[in-house]
Amino acid sequence: MDINVRKQSNVQVVKLRGDLKIGDAVDSFRQTLEEHLGAGDSRIVVNIGEVPMIDSSGIGVLVRSLTTAKQRGGALKLVNPSKLAMQTLKIVGLLNLFEIYDDEGEAVKSFG
């Protein structure tokens, strides 16, 4: 799992590459999000365009982080999920929990 984080107009943009599944990948992703949320960054965009597969533990991190961000007045938005990632979110009934964008720039702008 490759995790790249950069700040763009007061929004943390997290770009992932690789499968988001139980083990080191999910642990690293969770730690990255917790660090930013802990530092007061509650406006997060996660680009999962290069994440072919997300398992339940990966979805768990996304949902917990979304909840934390919302409690702090922000949000966590997804960019460019793969077909399989979209199907996984739909199957577990969480697709409409997330705002989903095709483009990173649009997602960042959506924070206003």
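Throughout these views, a contact means heavy atoms within 4.5 Å. This is a predicted model, where local features need pLDDT of at least 70, side-chain atom pairs count only at pLDDT 80 or more, and totals for chains, interfaces and linings use all residues. Residues are numbered from 1 along each chain as its sequence is written, and side-chain values use heavy atoms, with hydrogens and water left out.

View 1. Glutamate 104 sits in helix α4, residues 104–109. Helices here are DSSP runs (H or I, at least four residues), strands likewise (E, at least two), and both are numbered from the N terminus. Is glutamate 104 buried or exposed? With 13% relative accessibility, glutamate 104 counts as buried; the cut-offs are under 20% relative accessible area for buried, over 50% for exposed, and partly exposed in between (1.4 Å probe, protein chains only). Setting aside residues up to four places away in sequence, glutamate 104 touches Arg6, Val13, Lys15, Val45, Asn47 and Val79.

**View 2. The whole chain, for orientation.** The protein chain has four helices and five strands, and reading along the sequence gives β-β-α-β-α-β-α-β-α. Its C-alpha trace spans about 30 × 25 × 25 Å along the principal axes. For 112 residues, a compact globule would have a radius of gyration near 13 Å, and the protein chain agrees with that at 12 Å. That radius is taken over C-alpha atoms, and the globule rule is 2.2 Å times the number of residues to the power 0.38. Of the 112 residues, 45% count as buried. Among contacts with a separation of 6 or more, 70% come from residues 24 or more positions apart.

View 3. Strand β2 (residues 11–17) and strand β3 (residues 43–50) pair in the parallel sense over five bridges; for a pairing, DSSP has to find at least two bridges between the strands. In this pair, valine 14 stands opposite valine 46 in β3. The chain gets from β2 to β3 through α1, and this β-α-β crossover is right-handed. Right-handed is meant like this: with the strands pointing away from the viewer, the path from the first strand over the helix to the second runs clockwise. β3 and β4 also pair in the parallel sense, over five bridges, and here asparagine 47 stands opposite valine 79 in β4. β3, α2 and β4 make a right-handed β-α-β unit too.

**View 4. Helix α1 and its buried face.** The 15 residues of α1 should span 21 Å at 1.5 Å a residue, and the end C-alpha atoms agree, being 20 Å apart. The expected span is 1.5 Å times one less than the number of residues. Which residues of α1 are buried? They are Ala25, Val26, Phe29, Thr32, Leu33, His36 and Leu37. Seen down the axis of α1, these buried residues fall within an arc of 130°, so they line one face of the helix; the arc is that of the directions from the helix axis to the C-beta atoms. An α-helix has 3.6 residues a turn, so residues three or four places apart point the same way. The buried residues of α1 pack against β1 (2–8), β2, β3, α2 and β4, while Asp24, Glu34, Glu35 and Gly38 are exposed on the other side. After α1 comes glycine 40, with a positive phi near 95°.

**View 5. Helix α2 and its packing partners.** α2 covers residues 56–71, and its 16 residues should span 22 Å at 1.5 Å a residue, which agrees with end C-alpha atoms 22 Å apart. Its buried residues are Ser57, Gly58, Ile59, Gly60, Val61, Leu62, Ser65, Leu66 and Ala69. Those buried residues pack against α1 (24–38), β4 (75–79) and α3 (83–91). Glycine 73 follows α2, and its phi is positive, near 85°.

View 6. Most residues other than glycine have a negative phi. Serine 9 has a positive phi near 45°, and asparagine 10 has a positive one of about 65°. Serine 9 counts as exposed at 58% relative accessibility, and asparagine 10 counts as exposed at 57%. Leaving aside neighbours within four places in sequence, serine 9 is in contact with Arg43 and Val108.
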